[in-house]
Amino acid sequence: MRKHLNMGHVRQIVNKTNLKWKQNAITVAGGNDEGKKLNQLYGPHGIFIDKNKNIFIADSWNNRIIEWKYNAKEGQIIAGGKEMDQLNEPTDVIVDQQNHSIIIADKGNRRVIQWLNQNQQILIANIDCWGLVIDKNGFLYVSDHKKNEVRRWKMGEYNNEGIVVAGGNRKGDQLNQFNSPTFISVDEDQSVYVSDENNLRVMKWRKDAREGTVVAGGNGYGRNLTQLSSPQGVIVDHLGQIYVADYWNDRIMRWCEGKQDGEIVVDRYDQKNQTNQLVFSSGLSFDDEGNLYVADHFNHRIQKFEVIFLSIKIKESQGEVCSTATWSKHGITVAGGKGFGRKLDELADPYGIFLDDNDAIYIADRSNHRVVMWKQNATIGQWIAGLKEDEDDTHALPLNMPQDIVVDKNGTVYISDGGNYRVVRWYQNEQKGEVLIDHIQAVGIAQDNQGFIYVSEYASGQITRWNFNDDDELSGEIVAKNLGHTNFIFIDQNGSVYSAGILKDRILKIIEGNDEPILITAQYDSSEHRFDQLSRPSGVFVDAQETVYVADTQNHRIMRWLQGATNGTLIVGGNGKGSASDQLDYPSDLFLDRQGNLYVTDTLNNRVQKFLIDESSCQKN
């Protein structure tokens with residue numbers, strides 16, 4: 001496993017450029033003052049996180065490499081820790097998971113060694129090594145902070161001087177020089193990123209280049225966003241974003257290539273040893289979930305900053321639904337259905353609905369002022385947010401008629417808290433939430449694939465788009481207005497916004513840059529229940545084929561519009577208001593799972609109905 005690979009795994013979770021991290025860290029190793037005990041560290045530098053979230057630490061001033069198992073209270077020595085001829089102030093460590101060996105930059109002994117089963121082998125001698133990294137092709141890169149160069153060796157072939165891939169032109173500040181290179185990273189194209197410590201910059205050397213380019217810092221000492229002060233740990237992710245431990249500034253920075261300004265990922269505060277305080281940050285690493293780990297060098301600990309997924313899972317059918325698809329006319333009750341009530345096996349006017357990747361059903365249980373979750377085949381729901389069954393309305397952060405929800409990969413729920421005129425974020429397993437947006441008559445909530453949050457504002461007839469700034473605060477802008485009373489919304493894979501106009505009996509499609517929205521359905525004529533018309537539509541869903549699904553509330557049915565169609569198709573319901581399995585009573589919202597099965601909040605029946613897709617209707621001849 002190569003050291004930079006951990007951040008690359010983040011793309012499997014969320015392909016975003018706006019990841020953020022909680023500013024209050026968790027101490028996952030050390031933090032018990034400096035010392036030699038197994039629950040202590042002394043001047044940690046490089047770190048490596050394996051796929052099991054075990055942390056390998058170059059515990060430099062203890063002359064050892066220590067492994068801290070996931071959630072362990074103390075570490076275990078896996079190399080050194082005795083005489084200085086074993087290890088002498090190691091600065092970096094990586095794990096070769098092909099043979100489970102440890103490769104160590106043994107700086108004080110001027111060598112790179114491999115440690116396997118308590119036996120060491122010198123790989124490279126007489127080198128003033130500091131940083132290590134392995135690329136996807138099996139090459140080992142080592143920075144030499146005195147020769148001011150980075151060399152590369154083929155793994156297992158160390159009986160040579162290696163190849164200079166960056167620097168090697170003596171000490172200096174020119175683009176082909178370094179002044180004490182420390183940590184290094186390598187991208188998929190074998191470009192090398194080097195923390196050029198005393199030149200206060202990070203350099204990128206493309207494969208076979210004769211000089212590098214400045215990709216971070218290089219503007220003198222200081223705390224401006226264009227500056228670094230003795231950069232240390234560096235990691236580049238799959239998007240080309242460069243993360244840097246800004247040593248003297250006690251912060252972690254992120255630079256997008258080509259940008260003059262960096263942005264602060266984690267910043268220092270005023271008190272030493274607090275969880276949000278770094279003192280001389282050194283090594284960096286990411287686990288497979290995107291959590292950030294920092295060697296807090298002078299606090300003698302490793303800090304974990306948990307990732308905040310600003311990106312919410314977009315309501316999107318992951319399986320293709322063919323144009324000829326049909327659904328069972330009889331629904332299966334998968335939540336509620338026991339009358340209006342507040343017990344956990346009951347619902348009270350369920351409204352918005354969302355399914356996660358495990359097809360767990362999240363429901364805005366509106367008149368119970370809560371959000372509940374029903375697992376597949378469960379007979380009872382689980383409290384997620386808002387008012388609990390055994391509590392009154394003096395709860396720490398009560399919900400009041402929650403309208404809609406979306407859920408991110410961490411289980412964090414974003415709620416349009418309609419009766420309280422706000423949007424709330426509620427972390428998984430927390431007893432209370434936090435207000436994100438206040439003084440807004442929110443109904444629908446959605447998010448696009450760029451990480452922007454969209455909120456439909458009912459009375460004002462507008463849709464606003466919100467984004468987190470550098471201080472993790474939301475700022476908003478109007479993206480559509482004069483829509484009439486808009487209810488639920490949907491953002492498709494192209495960023496187009498679909499709005500259910502509940503009082504104007506229509507679905508509109510808003511394309512950014514277009515002056516006018518596109519009318520998907522005609523307005524309602526009360527004289528007949530035609531398939532080109534709707535009556536008080538509330539929920540809208542769009543699949544990957546841009547087929548539009550609508551909760552046609554006052555007609556007690558679910559309709560489907562193929563792309564470009566002038567008439568809709570009845571999917572389920574339409575048999576008059578009622579509680580039979582083929583009837584609905586004011587359906588409000590809908591969701592398609594990855595198989596194409598349809599879920600409907602059957603509001604006045606206080607239940608959620610599941611209508612199975614007829615797989616034979618999509619079979620090809």
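I count a residue as buried when its relative accessible area is under 20%, as exposed when that area is over 50%, and as partly exposed in between (1.4 Å probe, protein chains only). By this rule, buried residues make up 60% of the 621 residues in the protein.

I note that this is a predicted model, in which local features need pLDDT of at least 70, side-chain atom pairs count only at pLDDT 80 or more, and totals for chains, interfaces and linings use all residues. Residues are numbered from 1 along each chain as its sequence is written, and side-chain values use heavy atoms, with hydrogens and water left out.

I looked up the confidence next. pLDDT is the predictor's confidence in each residue, from 0 to 100. The protein averages 86, and 89% of the residues score at least 70. Residues 1-17 have a pLDDT below 50, yet this stretch has 64 contacts in the model beyond near neighbours in sequence; a contact means heavy atoms within 4.5 Å. Residues 524-528 also stay under 50, with 8 contacts beyond four places in sequence.

I then turned to secondary structure, which comes to 1 helix and 50 strands. Helices (H or I, at least four residues) and strands (E, at least two) are DSSP runs, numbered from the N terminus.

Two strands pair if DSSP finds at least two bridges between them; E3 and E4 (residues 55-59) are joined by 4 bridges. Across this pair, I find Phe48 opposite Phe56 in E4.
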